[in-house]
Amino acid sequence: MIPTIWLASYPKSGNTWFRILLANLWSKRDTPADINLIESTDSIASARNPFDQQTLIDSSLMTNDEIDRLRPATYAYAASGETLADPDDPCFPVRFVKAHDAYTLTDRGEPIMAGGRGAAGAILFVRDPRDVASSFAHHMHCSVDKAISRMGDSDFCFAGASDRLDRQFRQRLLGWSGFARSWLDQRDIPVHLVRYEDMLADTPAIALAALRFAGVEPDPSALDRAVAFASIDELQRQEAAGGFREAPRKATSFFRRGKAGGWREELTHEQVARIERDHAAIMDRLGYTRSTIQTEEER
Amino acid sequence: MYSYRVSGLEVASEVDLPGLIPGDPNAAPDVTICRAVVPKSLDGATAIGPTWQRADGRFLMHIPHVARFLLEGGQSIAFESEDDAELQDVAVFLSGSVFGVLLHQRNHIVLHASAVLVGDKAVLFCGQSGAGKSTLAAALGEHGYSLVADDQCAIEIGADGIPRIQADGRRLRLWEKSISELGLDDRRGDPMRNRLRKFYVEPVAASDAAVPIGAVYALIEIRGQQEPGIERPNVVEGTRLLVANAYRPMLVHRLDQREVYFRAAAAIAATSGIFRLKRQLGFNEIPATIATLQAHWEDIGLTDGAP
């Protein structure tokens, strides 16, 4: 049985970049892996179809709460290796599964991600919320102010509408701060923290540390090649040529800039101040230096 | 007892199952459905999933806080509701998810698809939940194409080698958003469950006979600049598509039914065709998709594409 590791992140924080890097790490080709054929990681944890396949239940007839109550059992089942096409030859040393769910409990008090039964650990990707804001706005096809509101709204969910069917289940994000806090503060599974900015500054070293956390010792030359094949230029080139199936339907592109500190040109002073006010404690905890002085009253 | 005809099978049920077509009360039932005490686990289970267990010819399904279902030999379904679940809640899972597993248990070829009548042939649209099967069938209904089946399509290969699908005359099952976008509010029926905004919708017209297959389309969503259109995959790919679009592909593998699906794919390829329908998802795209389909039906000789 191979271990399962969650790749947990608030959106636009380097999760997909890391998954493409993994796909290239285990690819046997000497050209970059197709971003639309990333086979080395499972589909996102909140995907509807794997749930229906594993439970044999039509989840479109279940309420969000009913689904949430069954999600832990499906994650435990998948972690036991039962869903692999060939458990004796899993192809990859670790089952990495992306998740945009915060670490929350069902209405029966069970962790939705199934605690230690669902995964051996989690890699948590975080990114400066000021950079997340403009990237998230681009991703959601909304204004930066609206993106900032959503990042500060602990009730904001993905796929939460009840009048239609989404191919993903409702995902509670708990806001930008709540997301990171929920994963860092849970005590069910170990968490390895990856800051997007650090991964950008020294991709091989940060990827190596994350892989070692997952129990993988990659070949150094294979890792260097994977880093090069997952460069932002290559991802943008592929997306321009053939699109990216994981991009939101309305977004014009998924791989936008791939840099750190763009907020200094992209956000207004008011927007920066608002983000820093909303997320002061977690920014401090994660080492994101605030630029605006805040009065006691504002905090 | 209530009598229904589901996917070509006579069903005798102790409970009312909304959305199914009536059967022949005098016919010997192929499947019986009754209330009974259902165990929480199976002795000698050889496979155990998160919500199911399997032992020889028996299958136990558990929908927490709704019911447990015991399927035996593909011939009977016993159920025991849990926590005072409403019968309505039990019935929707019984006639959908549970019956789908029973069809697999009977070695039937069952696709996750909706189907409409084009001329005298059935055209199937396969895809996962959320792929737009029912919405497309409903939109085609507004253009005069009768509904043959929604969600599950049971296929039989006749002695003449012609694959047919069993009409099951189910009502359409649509979400509130689809109903309003398609302008079907006046035909909206009961909610499938009181707590869901998914409703039964009366089709304009429905077929209730077994119909030869005219074409099978796998619904593929494209994004960005990708070109929409219809492709005919090669035989190997076509077979793979058919297995992937079984109602529960996992059961095709676990019950060792791939051979049955390979034969069905060959029969469909020989008499009609398996295609990929690539299109953007979205209500605005539906008229263009229908125009593409109608042109394709003319090309492949389905009665000039007319209903």
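This is a predicted model: local features need pLDDT of at least 70, side-chain atom pairs count only at pLDDT 80 or more; totals for chains, interfaces and linings use all residues.
Chain A contains 14 helices and 7 strands. Its radius of gyration is 19 Å, close to the 19 Å that the globule rule gives for 299 residues, so chain A is as compact as a globular protein of that length. Taken along the principal axes, the C-alpha trace of chain A spans about 60 × 45 × 35 Å. Of the 299 residues in chain A, 44% are buried, and among the contacts in this chain with a separation of 6 or more, 68% are accounted for by residues 24 or more positions apart.

In chain B the secondary structure comes to 7 helices and 20 strands.

The contact between the two chains involves 28 residues from chain A and 32 residues from chain B. On the side of chain A that touches chain B, helices α2 (48–55) and α3 (64–79) of chain A each supply at least two residues, and the largest share, amounting to 6 residues, comes from α2(A). When the residues on this side of chain A are sorted by class, 8 are nonpolar, 10 are polar and 10 are charged.

Two packed helices are described by the angle between their axes and the distance between the axes. Helix α1 (residues 15–25) of chain A packs with helix α10 (residues 220–229) of chain A at an angle of about 130°, the two axes lying 8 Å apart. Because angles of 65 to 115 degrees count as roughly perpendicular and those over 145 as roughly antiparallel, this angle makes α1(A) oblique to α10(A). The crossing of α1(A) and α10(A) is right-handed. From α1(A) the contact draws on A:Leu21, A:Asn24 and A:Leu25, and from α10(A) on A:Ala222, A:Leu223, A:Arg225, A:Ala226, A:Val227 and A:Phe229. By class, the residues in the contact of α1(A) with α10(A) are 7 nonpolar, 1 polar and 1 charged.

Backbone geometry was considered last. Most residues other than glycine have a negative phi. In chain A, the phi of A:Leu174 is near 65°, a positive value in a residue other than glycine. A:Leu174 is placed in the loop of chain A between β6 (171–172) and α7 (175–185), and with 22 other C-beta atoms within 10 Å this residue is buried, the cut-off for burial being 20 or more. In chain B, B:Ser7 is likewise not a glycine and has a positive phi of about 50°. The position of B:Ser7 is in the loop between β1 (2–6) and β2 (9–13) of chain B, and B:Ser7 counts as buried because it has 26 C-beta neighbours inside 10 Å.

Note on methods: Residues are numbered from 1 along each chain as its sequence is written. Chains are lettered from A and ligands numbered from 1 in the order in which they are written. Axes are lines fitted to C-alpha atoms, for helices over the stretch in contact, and angles run from 0 to 180 degrees between N-to-C directions. Helices (H or I, at least four residues) and strands (E, at least two) are DSSP runs, numbered from the N terminus. Angles under 35 degrees count as roughly parallel, over 145 as roughly antiparallel, 65 to 115 as roughly perpendicular and the rest as oblique. A crossing is left-handed if the near helix is turned anticlockwise from the far one by less than a right angle, and right-handed if clockwise. Two residues are in contact if their C-beta atoms, placed from the backbone, lie within 7 Å. Ala, Val, Leu, Ile, Met, Phe, Trp, Tyr, Cys and Pro count as nonpolar, Asp, Glu, Lys and Arg as charged, and the others, Gly among them, as polar. A residue is buried if 20 or more other C-beta atoms lie within 10 Å of its own, exposed if 12 or fewer, and partly exposed in between; C-beta atoms are placed from the backbone. The radius of gyration is taken over C-alpha atoms; the globule rule is 2.2 Å times the number of residues to the power 0.38.
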